[in-house]
Amino acid sequence: MGSTLESGRITAVLGPTNTGKTHLAIERMLGHASGMIGFPLRLLARENYDRVVREKGVRAVALITGEEKIIPPNPNWFVCTVESMPLDRQVDFLAIDEIQLAADPERGHIFTDRLLHARGRYETMFLGSDTIRPLLRRLVPQAETVSRPRFSTLTYTGPRKVTRLPPRSAVVAFSVSDVFELAELVRRQRGGTAVVLGALSPRARNAQVAMYQAGEVDYMVATDAIGMGLNMDLDHVAFARLSKFDGRGPRRLTAPEIAQIAGRAGRHMNDGTFGTTAEAGPLDEELVEAVEAHRFDPLTALWWRNPRLDFRSAALLLKSLEARPPSPVLLRADGGDDQLALLALARQPDIAKKATNPGNVRLLWEICQIPDFRKVMSEDHARLLTQIFRHLTGPDERLPPDWVAAQIARIDRTEGDIDTLVQRIAHIRTWTYITNRIGWLADGATWQDRTRAVEDKLSDALHDRITQRFVDRRSAFLVRSLAESRELTASVADDGEVWVEGHFVGVMKGFGFHPDPAATGEGARTLMVAANRMLRGEVQARARRLTAADDSAFALSPDGTIAWGIEPVARLVAGDRALSPRVELRAVDFLDGEAREGVKRRLERFVRDTIARVMAPLEAALASPLDARARGLVFRLGEGLGSLDAEPVRSLVGELEPADRKALARLGIRFGTETIYFDRLLKPGAVALRALLWTLHQGVGPLRVPPPGRLSVAREAEPVAYFDAIGYRPVGPRAIRADRLEALALALRAKARDGRFTLDGALAALVGSPAHDLPGIVAALGYRGVVEDGVTSFVAKKRPSRRKEARAVQPAPAPLSADHPFAKLGALRGRG
């Protein structure tokens with residue numbers, strides 16, 4: 001079967017799921033005197049084998065998978081996994097299902113080999129997605145392609161909670177732990193669910209599917225195994241996860257993968273729907289459109305491995321595996337588990353010594369292809385392969401029965417948790433594969449029965465363990481206790497963990513109760529009801545402790561969060577004035593009435609005390625008895641949170657009487673040529689609080705606060721008014737602390753008295769600026785640069801009003817109200 005027969009017809013039947021492709025292929029196969037069909041999964045092979053047996057009888061049909069062989073004396077038809085197809089047998093008809101898997105990095109080279117070389121005597125059929133059409137035409141140009149439309153429509157319905165999925169739904173996840181967690185949730189909410197995993201034995205899987213089909217349960221939780229042709233009466237498919245581990249790492253599902261799985265909904269002429277669970281979130285619009293319309297990007301390359309391997313030596317075998325593909329659309333499959341195993345075993349001296357003839361090299365390669373169903377390529381697996389090769393090349397050329405029995409006995413144990421049983425099932429599957437190798441065991445059939453029995457027993461134990469582990473005994477206990485109004489004993493640990501009658505139910509954070517995240521849906525609601533009954537006393541006690549605490553127990557973070565100890569309990573929001581923000585308690589479950597008001601009042605007092613302490617100079621000035629002009633200036637300083645651009649109020653400052661200036665100076669107000677400011681409000685704590693108050697009042701998110709001790713910072717996207725409000729003046733490329741700006745302005749004026757001057761490091765050091773920013777700062781302060789003979793010097797020039805600069809980036813101020821101090825000051829001037 002290595003080459004295409006000229007008389008053989010090759011057909012590619014392409015289309016989405018639910019187009020009847022598999023049914024067509026089976027019918028075509030049974031219309032021939034002999035046939036063979038390869039499926040991508042053991043589960044599919046077994047299901048379709050049972051179907052053909054029902055129609056043609058057990059003596060006419062063979063089942064061949066890596067782990068199971070049922071071969072009557074003279075079968076007419078062979079149902080196989082793609083890897084296990086006996087291609088040395090001539091059959092009239094041959095088909096490969098899901099041929100687009102030739103693009104799969106792990107197994108694709110096997111499907112590509114079948115695409116290029118596997119043929120029936122009279123008819124060959126490839127079944128799969130339309131995405132492979134361009135490559136199939138290129139690689140098999142003689143193939144006739146047939147498109148089959150989906151029998152029913154597939155519609156996206158968006159996210160839904162698992163507990164609100166309609167009957168006849170399947171929930172899909174991609175790990176055993178996720179499947180079991182979802183299965184228990186559905187069991188608790190809906191009374192029961194079938195479970196389908198690739199790791200289940202055929203018997204366990206068939207029982208689950210039969211239970212679903214019989215209507216004993218209305219839901220199924222499964223892995224993506226259901227995406228490969230398992231036909232059930234599903235109306236809806238919900239994706240609980242949108243990413244999967246593909247052997248290399250986690251990745252998002254592709255649109256064709258979603259379509260393959262979602263297409264299980266709506267069999268035959270019944271329309272189907274698909275969506276996600278609420279936890280997974282919605283699908284992208286483009287992806288939804290692609291799935292509903294069955295439009296996907298075509299495949300651009302397939303994986304390939306050299307079919308003409310050189311078995312003269314291990315080195316030549318490895319070299320032949322590195323042969324280049326014959327077509328640019330074929331990618332060489334490197335790094336497969338079998339190739340890695342060959343590399344590891346060939347390095348061992350005793351194996352290398354024996355692998356020197358084609359027979360032993362071929363045997364070594366067959367052994368390296370023993371799958372590690374645990375998917376870890378562990379040292380244990382490599383050691384097992386080594387032992388098998390040594391036995392098979394030993395004097396008996398068989399696996400010793402005692403050794404095999406001991407290996408299986410180690411696995412034939414049903415104690416342990418779910419993960420342990422899953423690992424044992426994976427391990428026994430490897431041994432089932434081994435016992436199915438012809439000639440490796442003296443009594444292969446007996447060992448096959450033994451390993452299948454162990455697999456079934458482990459699967460049954462796994463099913464029992466799942467029930468034991470995922471029945472929510474805690475919720476059942478709480479529901480029962482609440483219904484009976486039983487008195488429950490609760491305790492809250494120092495770290496906030498809440499325990500009820502020995503069951504962990506959640507964590508107290510501040511005044512909020514957070515249910516155990518493992519509980520969702522009805523389970524979480526049950527915990528909240530129980531907590532509401534049990535934790536009110538604890539919440540009231542916490543409220544009393546908070547109201548009695550001193551200010552050192554609280555902390556105010558840069559984003560306005562108020563913490564009590566380490567737990568956030570409230571946040572600041574904008575009030576009527578920047579200096580008077582409001583306190584808003586975080587959402588709390590069991591704090592209400594007078595206790596809630598008491599907590600809020602205590603936190604408000606903490607905030608007032610903090611602002612009064614940090615902003616004391618400004619608060620004192622605002623409360624001082626001053627004349628109208630001085631009071632107006634202080635009012636402006638209050639609006640500016642402690643600093644003002646000197647230019648807009650220069651005329652007002654000039655009108656102050658000497659006594660007013662002295663009074664203001666005693667209050668800590670400094671009059672600079674650039675800024676009027678409180679020197680004590682330039683300390684780091686005051687700067688941080690001013691930043692918080694300004695951003696809250698302006699309704700913007702937290703902005704960058706200059707680090708403590710920093711004399712200036714580079715300007716980015718912060719508003720000019722923000723820097724003015726925190727005591728840093730925006731000048732050219734930097735925002736400079738007000739007192740250091742005055743020091744720089746003074747130094748520049750001193751230099752300018754002698755005419756032109758150059759800049760030096762001492763000037764930059766005054767404001768903590770890099771030297772390259774200094775020219776821009778000096779120019780912004782009203783000095784003109786002059787370049788002569790490559791040297792830049794500066795000379796004073798008439799300064800533009802900084803008020804005009806500010807207007808270029810800020811909205812015009814609102815007109816003053818009649819009650820504003822400056823409006824009253826204007827009225828006084830008019831009367832004078």
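In what order do the 3 strands of the open sheet lie? I looked this up in a predicted model. The order is β30-β32-β31, and the pairing is antiparallel. I then checked the edges. They are β30 (712-714) and β31 (728-731), each of which pairs on one side only. I noted the twist as well: from one strand to the next it averages 25 degrees.

β31 and β32 (residues 734-737) run antiparallel to each other and share 4 bridges. Within the pair I found V731 opposite R734 of β32. I also asked what packs on the sheet. Helix α27 (residues 738-752) does, and it touches β31 and β32. I read about 95 degrees between the direction of α27 and that of β32.

**Entry: α14 and α15**

I turned to a helix pair. Helix α14 covers residues 401-411 and helix α15 covers residues 418-435. They pack at an angle of about 160 degrees, and their axes are 9 Å apart. The cut-off for roughly antiparallel is over 145 degrees, so α14 counts as roughly antiparallel to α15. I recorded the crossing as left-handed.

Which residues make the contact? On the α14 side I listed W403, V404, Q407, I408 and I411. On the α15 side I listed R424, H427, I428 and W431. By class, the contact has 6 nonpolar residues, 2 polar and 1 charged.

I stayed with H427, which sits in helix α15. Is H427 buried or exposed? Its relative accessible area is 16%, and the limit for buried is under 20%, so H427 is buried. Leaving out residues up to four places away in sequence, H427 touches R374 and I411. I411 is also on the α14 side of the helix contact.

**Entry: positive phi**

Most residues other than glycine have a negative phi. I noted two residues with a positive value.

R168 has a phi near 65 degrees and is not a glycine. I placed R168 in the loop between β9 (154-160) and β10 (169-172). R168 is buried, at a relative accessible area of 15%.

H294 is not a glycine either, and its phi is positive at about 55 degrees. Where is H294 found? I placed H294 in the loop between α8 (285-293) and β17 (302-304). Its relative accessibility is 28%, so I logged H294 as partly exposed.

Key: Residues are numbered from 1 along each chain as its sequence is written. This is a predicted model: local features need pLDDT of at least 70, side-chain atom pairs count only at pLDDT 80 or more; totals for chains, interfaces and linings use all residues. Side-chain values use heavy atoms; hydrogens and water are left out. Two strands pair if DSSP finds at least two bridges between them. Axes are lines fitted to C-alpha atoms, for helices over the stretch in contact, and angles run from 0 to 180 degrees between N-to-C directions. Contact means heavy atoms within 4.5 Å. Angles under 35 degrees count as roughly parallel, over 145 as roughly antiparallel, 65 to 115 as roughly perpendicular and the rest as oblique. A crossing is left-handed if the near helix is turned anticlockwise from the far one by less than a right angle, and right-handed if clockwise. Ala, Val, Leu, Ile, Met, Phe, Trp, Tyr, Cys and Pro count as nonpolar, Asp, Glu, Lys and Arg as charged, and the others, Gly among them, as polar. Buried means under 20% relative accessible area, exposed over 50%, partly exposed in between (1.4 Å probe, protein chains only).
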